[in-house]
Amino acid sequence: MDRNQFIGLILMFALLAVYFTWFAPEPPVPEELSTQEEPIAEVVEESTTQDIPSIAPAIPDSVQASLNTQKYGAFAFASEGEEKLKTIENKELSISFSNKGGRIKDVVLNNHKDYLGNPLVLVDGSKSKTDLIVDHNGRKINLSELTYVPSVKNFGDTTQITYLLSDGTFSIIQKYLIPPTGFEVAYSIEAKGLNSILNPTDVNFNWVHAINRAEQNLEDGRLNSNVRYYRTDGEYDELSERSTEFEDETLGAQVKWVSFKQKFFTAAIIAKTSFKSGYISQTVDYADTTSVKNLSMQMLIPYSDFSNGFSARYYFGSNKYDILKKVTPEFEENLDMGWGPLPLVNKYLIIPIFHFLERFFTNYGIIILIVVIVIRLILSPLTWKSHMSMAKMRAMKPELDEIKAKHEGDSQKAQQEQMKLYQQVGINPVSGCIPMLLQMPILFSLFFFFPNAVELRQQAFLWAHDLSTYDSVLTLPFTIPFYGDHVSLFTLLMTLSTILYTWSNSQITTVQGPMKTLQYMMPIMFLFVLNSYASGLTFYYFVSNMTTFGQTVLFRKIIDEDKIHKLLQSNKKKNANKKKSKFQTRLEEAMKANQEAQKKSKKKK
């Protein structure tokens, strides 16, 4: 910039300064907003509601009172008032209560965070609300829209908060009891002097609840959330967990509890006696990525219970088996542990081992590693029996190959000769499969345990930031069908270790033909299926594969196959003239019948 340009710039700034100082017009002052600006800011700060100032003309107090009387009748005196919140905390929960309706507004789990690291809001007052609806001379009055008077008392470490609605002639009292620890909040409601103004019909307890997104995988969260319930007659049921469409159900009589279950946490209400009946529903709003699933319940409280005193408990907590089983009968059903016998394996084997190890180790990757070793030790007798059976089959491979070569083209005759040989040497071809089948319940149980174990939630190990979800080491710029848009390293290692173990086994087994190729298909399938599963599960399978591989090497060194071969040959001589067993006879008859059916089928073609 030269000297002339610099002088010109200075003159321009000087002219602008003179203009704005002496000649610029003053901005017009709004007639109303200029005087109300500060008061509006103060109201928004003090009020817990987020009301937007209306530009409509104010309704005169007399008209508003008349409208309130038309809507609320005898309850009109409590229809106005500013919402005020009271937050009470214990070790596990922070609960915000509202004087509007005397209800729970927000619940925060103190010891948990969402996937973004924010406090985990289990019940969000902006998305969740409970209503109590009564019949007042033919009109439905929502008691949760009215303003109650709060009071707080302490009984030792326990806090009681009471909400009172009264005009001097009648009263409605709602009480909450918050213990110093735990996830349960006692609740009771009692009405006095209302028989003259209320119809003695059942009272509606309604709860709408949009589950806040707490996990990174939104789709997985939606597929693991639903409404569940249990009746006093012992019937447990639920809406379809995997469904993302609208689902609903009308419940029969005597409902003990209803829960809003998500993958790792549950919000529920448990009646001391029971609800008379009810209706539940669930749906997904795909446009709302901050919510997992929208759930609701509409339960009926008998009027006699409402007037004499209705008691219940809220549960706001994690889906941990040791906690859930103590809440109320069948409440542990809010934790998915599998079907058939699988929950028994999880309850009485996997979970006890897991929680025992928690006393000594804080790293859950190490705990999983030790669980693998413990499970393999428990299963070692079955594994040994399976390896002995395989060793016997390998010892007889030369004789089996001779039979195949001798009866090439006649599979039925070859199979008959093989069964005869098995009988003579004392081999049960099924004995090698039975130990493997007996291990399957444990493997399937773990398939349910690891993805649903809240203990693994947000627990890091090696490169996995969270053992309860997939470990992504590479994000793909595209999506592979049935696989996803990321690469899970533990799943990849699990697949490679399975293929290695399968290949190693195929070198020492008698498996031939298409079956030898098909045995590699299962690991490839699991690569796709488990890529988005919990990394704790795939890490377990990977370590289990490597441990099994080590066991195989150890057993092969211990087992003397030459000695086994001599023993089998000795058995063959002893049993040369032995009659066929009933099992072998039936098996041969079935094989003959099958071959004849195949021949007839070929002739027809």
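Is Q458 buried, exposed or partly exposed? Q458 is partly exposed, with a relative accessible area of 32%, where buried means under 20% relative accessible area, exposed over 50% and partly exposed in between, for a 1.4 Å probe and protein chains only.

## Basis of the model

This is a predicted model, in which local features need pLDDT of at least 70 and side-chain atom pairs count only at pLDDT 80 or more, while totals for chains, interfaces and linings use all residues. Residues are numbered from 1 along each chain as its sequence is written, and side-chain values use heavy atoms, with hydrogens and water left out.

## Residues with positive phi

Most residues other than glycine have a negative phi. Q458, although not a glycine, has a positive phi of about 60 degrees, and its place is in the loop between α11 and β20 (472–480); helices (H or I, at least four residues) and strands (E, at least two) are DSSP runs, numbered from the N terminus. Q254 is likewise not a glycine and has a positive phi of about 60 degrees. This residue, Q254, is found in the loop between β14 (247–251) and β15 (255–261), and it counts as partly exposed at 38% relative accessibility.

A positive phi also occurs in the hairpin of β5 and β6, which has 2 residues between the strands and in which N137 takes a value near 55 degrees. Strand β5 (residues 128–136) pairs with strand β6 (residues 139–142) in the antiparallel sense over 4 bridges, pairing being assigned if DSSP finds at least two bridges between two strands. The bridge partner of H136 in β6 is R139.

Q160 lies in strand β8 (residues 158–166) and is buried, with a relative accessible area of 14%. Leaving aside neighbours within four places in sequence, Q160 is in contact (heavy atoms within 4.5 Å) with S151, V152, K153, F155, K175, Y176 and L177.

The side chains of Q160 and T162 are joined by a polar contact of 3.3 Å; such a contact is a pair of N or O atoms within 3.5 Å, where within protein one must be able to donate a hydrogen and the other to accept it, and residues adjacent in sequence count only if both atoms are side-chain atoms. From C-alpha to C-alpha, Q160 and Y187 are 9.9 Å apart in space, and they are 27 residues apart in sequence.

## The second largest pocket

The second largest pocket has a volume of about 660 Å³. On a 1 Å grid over the protein atoms alone, a pocket is an open set of points with protein on both sides within 12 Å along at least five of seven lines, a cavity is a set where a 1.4 Å probe fits but cannot get out, and lining residues have an atom within 4 Å of a point. Grid points are joined across faces, edges and corners, and a volume is the space filled by probe spheres set on the points.

The second largest pocket is lined by 30 residues, of which N224, R242, F448, N452 and Y533 lie nearest its centre. The elements that give two or more residues to this lining are α4 (218–222), β13 (236–238), α7 (342–358) and α11 (433–452), with α11 giving the most, 4 residues. By class, the lining of the second largest pocket divides into 12 nonpolar, 7 polar and 11 charged residues, where Ala, Val, Leu, Ile, Met, Phe, Trp, Tyr, Cys and Pro count as nonpolar, Asp, Glu, Lys and Arg as charged, and the others, Gly among them, as polar.

## Enclosed cavities

The count comes to 6 cavities of 30 Å³ or more, and about 90 Å³ of space lies in the largest cavity. Its lining includes R213, E215, D220 and K263, and α4 gives the most to the lining of the largest cavity, with 3 residues. The residues of that lining divide into 4 nonpolar, 4 polar and 4 charged.
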